[in-house]
Amino acid sequence: MTILCVRFQLPPAREAALPALLGLLEEFTPVVEALPPDGALADLRGAERYFGRSAVELASVIRVRALALHGVDCVIGAGPGPLTARMALRVARPGVTRAVPEGEVREFLAGQPVTALPGAGVATARILCEYGLDTLGRVAAAPLSTLQRLIGAKAGRELHEKANGVDRGRVVPNSVSRSLAAERPFERDELDPDRHRRALLSAAEELGVRLRAVGKVCRTLTLTVRYADRSSTTRSRTLKEPTAHSAALTGAAYGLYEALGLQRARVRAVALRAEALGPAEQASYQLTFDPVDEKVRRVEEVADRVRAKFGPGAVKPGTLAA
């Protein structure tokens, strides 16, 4: 199960809070499709690999954060594809993620009414019900030719596939803000600049790994420093070129931190946000013949493969910077 369908329980007066809630989902994955006024789809394939947790476990974290940060509960459905996740959402309850494993999709769909299928309009459902095809199980068992005679060739084929659990859909990012965030809180208010920098190094490496896992690069990096008195400072920097490389992100993070000129500041947490994300394959880069840079990138690729196989803890923060 890699897809979540989330419906935030927003009262009408708070529909404007949806972008902030989408930002919460984007802390786990940049592949988020908004479903206004109160929902979203999220593809967690990269997040599952990075965090070493299943989509259902990440859904629990998302629910807790939505409540803690925004005072909003949510209902969540999970499945191997967008269609199944949306169908699971229909029968989900607050506080419990309704998950449909890949091997149980057809069984789950069989008992659902035709009207529950996204894209099946009232007219289509009425025609099918007139012929006794009132559940998706009956639609799945019906001959394809019969469905095509009733509702048309293309619509009949698509309905037959969906009723049999064939999901060709994908999550298409469509929200305005595209970002990923990594935060490093300290156990106690921290004065030591070296510890601040180590936290930034760890956060930058996390962002790099997560960006590469989903094939994205960022154009802007934002640093937020939270202090003991609950105040904070935020600074952003547009990068020289779009990147997902940890070394470049770390250098930019250090530059932002040093520009603050902190003197004996009691820091409670530091956070980095990678913004203005885009597909890595569409990004343009300046050619470099620096052998050190090429070596670092090769080591980075090896480290990513190690993390994918053994989990995020397999490579210690700072390894690539050594």
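In which sense do strand 2 and strand 3 pair, and over how many bridges?

Author: This is a predicted model, in which local features need pLDDT of at least 70, side-chain atom pairs count only at pLDDT 80 or more, and totals for chains, interfaces and linings use all residues. Residues are numbered from 1 along each chain as its sequence is written, and side-chain values use heavy atoms, with hydrogens and water left out.

Strand 2 covers residues 32-35, and its pairing with strand 3 is antiparallel, over four bridges. Strands here are DSSP runs of E with at least two residues, helices are runs of H or I with at least four, and both are numbered from the N terminus. Two strands pair if DSSP finds at least two bridges between them. Three residues make the hairpin that joins strand 2 to strand 3. Across this pairing, Glu33 faces Leu41 of strand 3.

Strand 3 has another partner. Strand 1 (residues 3-8) also pairs with strand 3 in the antiparallel sense, this time over five bridges. There, Val6 stands opposite Ala40.

Buried means under 20% relative accessible area, exposed means over 50%, and partly exposed lies in between (1.4 Å probe, protein chains only). In a regular strand, side chains alternate between the two faces of the sheet. In strand 3, Gly39, Leu41 and Asp43 point one way, while Ala40 and Ala42 point the other way. Both sets are buried.

Next comes helix 1, residues 18-26, which holds Leu21. Leu21 is buried, with 0% relative accessible area. Set aside neighbours within four places in sequence, and Leu21 is in contact with Phe8, Leu10, Ala66, His70 and Val72. Contact means heavy atoms within 4.5 Å. Take Phe8 as an example: 13 residues separate Phe8 from Leu21 in sequence, and their C-alpha atoms are 8.2 Å apart.

The structure holds two aromatic pairs. Phe28 and Phe51 make a tilted pair, 5.9 Å centre to centre with 55° between the planes. Rings of Phe, Tyr and Trp (its six-membered ring) pair if their centres lie within 6.5 Å; planes under 30 degrees apart are stacked, over 60 edge-to-face, and the rest tilted. This pair links distant parts of the chain, 23 residues apart: Phe28 sits in the loop between helix 1 and strand 2, and Phe51 in helix 2 (residues 45-51). Phe28 is buried at 6%, whereas Phe51 is partly exposed at 29%. Tyr50 and Phe51 pair too: their ring centres are 4.9 Å apart and their planes stand at 85°, so this pair is edge-to-face. Tyr50 is buried, at 13% relative accessibility. Together, Phe28, Tyr50 and Phe51 form one aromatic cluster.

Step back to the nonpolar cores. A nonpolar core is a set of buried Ala, Val, Leu, Ile, Met, Phe, Trp, Tyr and Cys residues joined through side-chain atoms within 4.5 Å. The largest has 31 residues, and those touching the most other members are Leu207, Leu211, Leu221, Leu223, Leu249 and Leu272. Among the elements that supply at least two residues each are helix 10 (193-213), helix 11 (246-260) and strand 9 (267-275). A second, separate core has 26 residues, including Leu22, Ala47, Ala66 and Ile76. Ala66 is also one of the contacts of Leu21.

Helix 9 (residues 153-163) has Gly156, Leu159, His160 and Ala163 as its buried residues. Seen down the helix axis, they fall within an arc of 100°, so they line one face of helix 9. That arc is taken from the directions from the helix axis to the C-beta atoms. Among the elements covering these buried residues are helix 5 (105-110) and helix 8 (144-151). Helix 9 is followed by Gly165, whose phi is positive, near 85°.
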